[in-house]
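Subject: Structure for you to look at

Hello,

Here is the structure you will be working with. Please open it alongside this message, as the notes below refer to it throughout.

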Amino acid sequence: MIEGVTRIIGKHQGYRGLPLRDEMINCTVNGDATPVMVSAWVPTPEELERLNAGASVHLRVLGTAHPPVILDVGDVPA
């Protein structure tokens, strides 16, 4: 669950449901107030071990057309 969740998508399609936070960003391509959907991934201890050992993060996009995406690191939890 991402902090500040505004909606959950995909549940009615048979998926577990993806909690999202809707935001606006300033994008160098699409301009000011570009809408984005932010989700959070919290790695398991096993995944953290693999990441610390040099494994990469993989992003899978369903389908055959790849939309623009941004992958970054969130803030440290309070």
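The notes below cover the sheet, the helix, the salt bridges and a surface patch, in that order. Please keep in mind that this is a predicted model.

The sheet

Three strands make up an open sheet in the order β1-β2-β3, and the pairing is antiparallel. The edge positions are taken by β1 (7–9) and β3, each of which has a single partner strand, so one side of each has no neighbour in the sheet. On average, neighbouring strands of this sheet are turned by 45° against each other, direction ignored.

Strand β2 covers residues 18–27 and is joined to β1 by three bridges, the two running antiparallel. Within this pairing, Ile9 stands opposite Leu18 of β2.

Ala33 is located in strand β3, and its phi is near 60°, a positive value in a residue other than glycine. The relative accessible area of Ala33 is 44%, so Ala33 is classed as partly exposed.

The helix

Is α1 largely buried or in the open? The helix has eight residues and the number of them that are buried is zero, so α1 lies largely in the open. Gly54 follows α1 and has a positive phi, near 110°.

The salt bridges

How many salt bridges does a search of the whole structure find? The search finds three.

One of them links Arg7 with Asp22, with 2.9 Å between the closest N and O atoms. Arg7 belongs to strand β1 and Asp22 to strand β2, so this pair ties together parts that lie 15 residues apart in sequence. Arg7 is partly exposed at 36% relative accessibility, and Asp22 is also partly exposed, at 35%.

Another salt bridge is formed by Glu23 and Arg21, where the closest N and O atoms are 2.7 Å apart. Glu23 has a relative accessible area of 29% and is partly exposed. Arg21 comes out at 25% relative accessibility, which also counts as partly exposed.

The remaining pair is Arg50 and Glu46, with the closest N and O atoms 2.8 Å apart. An α-helix has 3.6 residues a turn, so residues three or four places apart point the same way. Glu46 is exposed, with a relative accessible area of 54%, whereas Arg50 is partly exposed at 46%.

The surface patch

Which residues form the nonpolar patch on the surface? The patch is formed by Trp41, Val57, Leu59, Val69 and Leu71, and together they have about 490 Å² of accessible area. Of these, Trp41 sits in the loop between β3 (31–38) and α1 (45–52). Trp41 has 47% relative accessibility and therefore counts as partly exposed.

Regards

Note on methods
Residues numbered from 1 in each chain as written. Predicted model: local features only at pLDDT ≥ 70, side-chain atom pairs only at ≥ 80, totals over all residues. Heavy atoms only, no water. Patch = residues over 30% accessible without salt bridge, like charges linked within 9 Å, V, L, I, M, F, W, Y side chains within 5 Å. Areas by Shrake-Rupley, 256 points an atom, 1.4 Å probe, with all protein chains shown as cover. Salt bridge = Lys/Arg side-chain N within 4 Å of Asp/Glu carboxyl O. Helix = DSSP H or I, 4+ residues; strand = E, 2+ residues; numbered from the N terminus. Buried < 20%, exposed > 50% of the residue type's maximum accessible area, 1.4 Å probe, protein only. Pairing = 2+ DSSP bridges. Axes fitted to C-alpha atoms, helices over the stretch in contact; angles between N-to-C directions.
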